Every structure is written in structure tokens, then in C-alpha cells.
Amino acid sequence: MKKILPALLLICGSVATANAQLLPGFEIGLKGALNFSKFKSDGKYFNSDNKAGYQAGLYGRVGVLGFHVQPEIYITGKNTTVKTEGGETTDVKFTSVDIPVLLGKRFGLGPIGARIQTGPIFSFKVDDKQDKAIANLDPNSYKKTNTAWAFGVGADVSSLRVDLRYEMGLNKVNDSQANPKINMWSIGLGYRLFSL
């Protein structure tokens, strides 16, 4: 009897945890991230160096059967340095409101799990700054909206959320001849505030 009781408790706990993963769930939390962005151009118009930026905002997650949809909204600062073949350089800075809508799959039971996610990111420019005009990059031609596609992995440990993502720009951010797109890496930390 002494051996059966712990085994029954372990089985009941495992079933309860598995059911929690299978049932619909909802959560809201805070998110912050450090990002590194650069321009990619059509052809060899210029090179771009990664520079650090930031993200700060909120995320939500609705999940069932281990799958989830994770909409987010945050303010993003994106920075890069651009250098032409002729040696001209300029710093470019963006501030935008970004709205990812990610589809993901969670692996693991209970408070510890790993995730994979992918989905579109809709970006709405709030401000842009370019130190000076250089060949093939007009500071007055930045678009107000952009779209990217995100690929990421993450981990959940109790209420903490950790994410590593790559964002691939889908459209040009400037109407100049170089047709630059923004590609970005980010590493983020989130905290669940509320869940059902």
C-alpha cells in the first residue's frame, strides 16, 4: 500500500498536468527585447552593420491542444549603420509600433515547456532618422508601413517567457534604387501577468 499510494499520486498529477495542456488557455503578459537589425539591399549598393535596438510592450496567447496563437504589440527601436562602396556612411534609426501574429506549438507539460513560432509582423513607422543622404538611400523616402515574417523558438519557465527570433523583411522600407529591407534578430524576456 505504501508503494501504491505514491504511484497513484504521480499518475493523477501527470493526468492533471496533461489535461491542462489540452484544454483551452489564455494569458497576457509584458515583453521586452534587445534586437540587432541591418539593411539588406538588392545588389551591391551598400553594406549594413548590425546595431542594437529595443522592443517593449505586451503579448497575449490563446492555446489549445499544445498549439497557440500569440498576438503582440510593442514599440520597437531599430538601428543600423549603412556604408556605400564609395565609403559614405550614415546611421539610420526607426521607431515603430510592431504587431506580430504568431502561430506556435508548445512542447512540455506544466510550468516548463519549449515553443516554436512563426508568423507575420505588421510594422507601423512612428519616426525615422538618417544622419545624411547617401547614394541610393534617400532619407525622405521611408515608407510608413512594412511587413516581415518571424521565425522563433522560446521557453516557458513558470511565469517567465524567453524568446529568440529572426525577422525577415518582406518589402522594401525605402523607395530608393537599393530597395532595402530590414532583417532583425531579437532576444526577449516576458512575464505572464494573467492567465485562465
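K51 is partly exposed, with a relative accessible area of 30%. Partly exposed means between the two cut-offs: buried is under 20% relative accessible area and exposed is over 50% (1.4 Å probe, protein chains only). The side chain of K51 meets that of D91 in a salt bridge, 3.8 Å from N to O. D91 lies in strand β4 and K51 in strand β2 (residues 46-64), so the pair ties together parts that are 40 residues apart in sequence. D91 also counts as partly exposed, at 24% relative accessibility. A salt bridge here is a side-chain nitrogen of Lys or Arg within 4 Å of a carboxyl oxygen of Asp or Glu.

This is a predicted model: local features need pLDDT of at least 70, side-chain atom pairs count only at pLDDT 80 or more, and totals for chains, interfaces and linings use all residues. Residues are numbered from 1 along each chain as its sequence is written, and side-chain values use heavy atoms, with hydrogens and water left out.

**Overall layout**

The chain has one helix and eight strands. From the N terminus, the order is α-β-β-β-β-β-β-β-β. Helices (H or I, at least four residues) and strands (E, at least two) are DSSP runs, numbered from the N terminus. Of the 196 residues in the chain, 38% are buried.

Strand β8 (residues 181-195) runs antiparallel to strand β1 (residues 25-40), and 14 bridges join them. In this pairing, G32 stands opposite L189. Strand β7 (residues 160-169) also pairs with β8 in the antiparallel sense, over nine bridges. There, M168 stands opposite N183. Two strands pair if DSSP finds at least two bridges between them.

**Charged pairs around D156**

The whole structure holds 13 salt bridges. Which residues form salt bridges with D156? R61 is one of them, and R161 is another. R61 is in strand β2 and D156 in strand β6, 95 residues apart. D156 counts as buried because its relative accessibility is 2%. R161 is buried too, at 4%. Shared partners join E27, R61, R106, R115, D156, R161 and D163 into one network of salt bridges.

| Salt bridge | N to O distance |
|---|---|
| R61 and D156 | 2.9 Å |
| R161 and D156 | 3.6 Å |
| D91 and K51 | 3.8 Å |

R106 sits in strand β4 (residues 89-107). R106 is buried, with a relative accessible area of 12%.

**Core and neighbours**

The largest nonpolar core has eleven residues, including F39, F46, V82, I134 and I182. Such a core is a set of buried Ala, Val, Leu, Ile, Met, Phe, Trp, Tyr and Cys residues joined through side-chain atoms within 4.5 Å. Not counting residues up to four places away in sequence, I134 touches V82, T84, E88, T89 and T90. Contact means heavy atoms within 4.5 Å.

Is S123 buried or exposed? S123 is buried, at 7% relative accessible area. S123 belongs to strand β5 (residues 112-130). Its side chain makes a polar contact of 3.4 Å with the side chain of K78.

Notes:
Polar contact = N/O pair within 3.5 Å; in protein donor to acceptor, adjacent residues only side chain to side chain.
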